[in-house]
Amino acid sequence: MEIKRVAVTGIGSICGLGNSTDEIWKNALESKSGISTIDNQDTENWPVKFAGIVRDFEISDELLDPKEKSRFDIFIHYAMHATSEAIKQSKLLEANYNPYRIGSILGTGLGGFPIIENTHTTYMEKGARRVSPFFVPSFIPNMSTGKISMHYGFKGINHAVSSACASSAHAIAAAANEIMLGRVDAVITGGSEAVVSPLTMAGFNSMKALSKNNDEPTKASRPFDKDRNGFVMGEGAGILILEDLEKAKARGATILAEVVGIGATADAYHITAPHPEGGGTIPCMEQAIESAGIKYTDIDYINAHGTSTPVGDIAETKAIKSVFKEHAKDLNVSSTKSMTGHLLGAAAGIESVFCIKAITEGIIPPTINLDNQDEDCDLNYTANKPVKKDIKYVLNNSFGFGGTNSTTIFKKYED
Amino acid sequence: METQDKVIKIVSEATKVDAANIKAETNFVDDLNLDSLDMVEMMMKMEEEFGIEIPEDKTEDLKTINDVTKYLKENV
């Protein structure tokens with residue numbers, strides 16, 4: 001069977017850095033932080049009071065009817081907003097594809113967790129009779145893909161993927177596989193997350209996973225820096241339109257990049273801690289490189305998982321050095337989580353958008369707040385300023401609790 | 001506020017349909033296009049606002065603004 005090539009024909013995004021890809025990219029190239037004090041909720045009893053929150057956003061009435069807005073949790077709003085941007089860019093609606101051959105596969109780590117918290121409070125205070133009939137449809141992880149299918153009439157494969165902080169990477173992999181196998185012509189993929197809520201913040205805080213730098217939120221996410229002390233919660237969405245490359249070409253679509261390599265492994269080691277020597281992540285990157293049919297020396301840029309945790313950044317650095325050997329010093333690495341915070345199940349979505357922009361613009365977005373590099377983190381992390389570089393292959397790493405790993409490789413499109 | 005006006009206000013808020021376009025004879029399904037989940041949510045709001053419990057077998061008979069108003073007047 002012929003394996004189809006996978007084109008990326010549209011991207012869309014929203015996060016603390018901005019509400020569109022143009023705005024996010026502009027702010028990233030200015031090395032801005034998208035992290036701020038949470039001022040839209042009462043955080044008095046929260047141990048951590050800042051995050052990469054989305055600002056000045058209300059989904060358009062056209063995407064969600066006014067009566068529906070309060071019925072769907074915010075991860076669904078973000079998914080629909082970013083999908084709309086990506087679809088416009090791809091001009092997918094002008095393509096003459098069979099609707100049963102257009103799918104939606106999105107990642108989310110936690111789905112509509114905030115609405116679960118709020119509804120639980122209603123239940124405790126007022127009882128079962130006050131639990132809204134829209135409660136279940138508002139939080140289930142696959143309602144983002146469900147609403148996208150209903151809005152656009154896409155009737156192909158439709159499901160959510162949940163693998164904690166690797167969710168969107170696994171979603172992109174699943175979507176790319178559908179195209180490669182020729183089962184669909186196009187898939188909406190990537191993912192969304194919106195769980196800046198009392199219980200999730202308390203839970204991650206109890207794990208000692210979060211930075212507590214309440215006084216200087218913009219300095220809190222500092223991957224690979226000596227003074228890093230945990231990740232910063234982010235929220236938002238990153239969406240890609242994947243298409244059968246030949247069909248995209250035939251309809252005259254602009255091809256932004258190709259998805260050429262996928263790796264997926266498990267650490268089989270610990271529920272939350274990464275394997276310190278890259279036990280699962282080394283083979284994950286190697287698989288992706290092998291599946292792309294390239295050599296490790298072909299990779300120009302790695303958008304790292306790089307969450308700004310003391311253990312994780314060192315483990316990933318070791319894994320990169322093991323896979324890339326002498327080339328590890330030549331390639332650029334960066335963690336855009338320094339600017340966006342950690343979008344959990346949407347991380348690979350937003351980071352894939354950065355990877356594709358890096359390819360199309362020939363610019364590598366920086367790792368900000370990298371003032372004093374940890375001596376155990378000894379790679380070129382593209383510190384504090386973007387770098388111009390012609391990029392052919394980009395590798396994105398995403399690792400999640402449960403010891404799950406996923407790597408995606410994007411390639412510059414050349415006819 | 002009259003019971004009917006209160007009912008119309010609740011329905012208007014739940015459906016985002018302008019209160020001016022909701023009359024006594026307005027039918028929830030035929031005129032406002034409400035589905036079964038919408039109906040449950042709206043009855044819940046009526047219960048909350050009027051401090052009563054509407055038994056499930058009764059809600060099936062409440063098809064218009066007038067039906068609801070009449071039921072509330074008789075039972076609150």
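This is a predicted model: local features need pLDDT of at least 70, side-chain atom pairs count only at pLDDT 80 or more; totals for chains, interfaces and linings use all residues.
## A walk through a two-chain model

In strand 8 of chain A, A:Glu258 is the bridge partner of A:Ala7.

One point to look for is A:Thr265, which stands opposite A:Asn405 in strand 14 of chain A. How much of strand 8 of chain A is buried? Eight of the ten residues in this strand (residues 257-266) are buried, so the rest of the structure largely encloses it. Helix 11 (residues 281-292) of chain A lies across strand 8, strand 13 (393-400) and strand 14 of chain A. Its direction is at about 145° to that of strand 8 of chain A.

These strands can now be placed in their sheet. The sheet is open and has ten strands of chain A, in the order 5-4-6-7-1-8-14-13-9-10, with mixed pairing. Its edge strands are strand 5 (158-161) and strand 10 (332-334) of chain A, each of which pairs on one side only. From one strand to the next, the twist averages 25°. At the strand 5 end of the order, strand 4 (residues 102-107) of chain A is joined to strand 5 of chain A by four bridges, and the two run parallel. A:Ser104 stands opposite A:Asn158 in strand 5 of chain A.

The next topic is the nonpolar core. The largest one has 120 residues, and those with the most contacts inside it are A:Val8, A:Leu242 and A:Val394. Another core, of twelve residues, lies apart from it and includes B:Val7, B:Val11, B:Met43 and B:Leu62. Which residues does A:Val8 touch, leaving aside its neighbours within four places in sequence? They are A:Leu240, A:Ile241, A:Leu242, A:Leu256, A:Ala257, A:Glu258, A:Val259 and A:Ile356.

Helix 14 (residues 347-361) of chain A has 15 residues; at 1.5 Å a residue it should span 21 Å, and because its end C-alpha atoms are 21 Å apart, the two values agree. This helix is mostly covered, with 13 of its 15 residues buried. After helix 14 of chain A comes A:Gly362, with a positive phi near 70°.

Helix 7 (residues 167-180) of chain A can be treated in the same way. Its 14 residues, at 1.5 Å each, should span 20 Å, and the end C-alpha atoms are 20 Å apart, which agrees. Twelve of the 14 residues are buried, so helix 7 of chain A is largely enclosed by the rest of the structure. Among the buried residues of this helix are A:Ser167, A:His170, A:Glu178 and A:Ile179. Helix 7 of chain A is followed by A:Gly182, whose phi is positive, near 75°.

Last comes the contact between the chains. Six residues from chain B and six residues from chain A take part in it. On the side of chain B that touches chain A, the largest share, four residues, comes from helix 2 (residues 36-50) of chain B. By class, that side has three nonpolar, one polar and two charged residues.

Terms used:
Residues are numbered from 1 along each chain as its sequence is written. Chains are lettered from A and ligands numbered from 1 in the order in which they are written. Two residues are in contact if their C-beta atoms, placed from the backbone, lie within 7 Å. Ala, Val, Leu, Ile, Met, Phe, Trp, Tyr, Cys and Pro count as nonpolar, Asp, Glu, Lys and Arg as charged, and the others, Gly among them, as polar. A nonpolar core is a set of buried Ala, Val, Leu, Ile, Met, Phe, Trp, Tyr and Cys residues joined through C-beta atoms within 7 Å. A residue is buried if 20 or more other C-beta atoms lie within 10 Å of its own, exposed if 12 or fewer, and partly exposed in between; C-beta atoms are placed from the backbone. The expected span of a helix is 1.5 Å times one less than its number of residues. Two strands pair if DSSP finds at least two bridges between them. Axes are lines fitted to C-alpha atoms, for helices over the stretch in contact, and angles run from 0 to 180 degrees between N-to-C directions.
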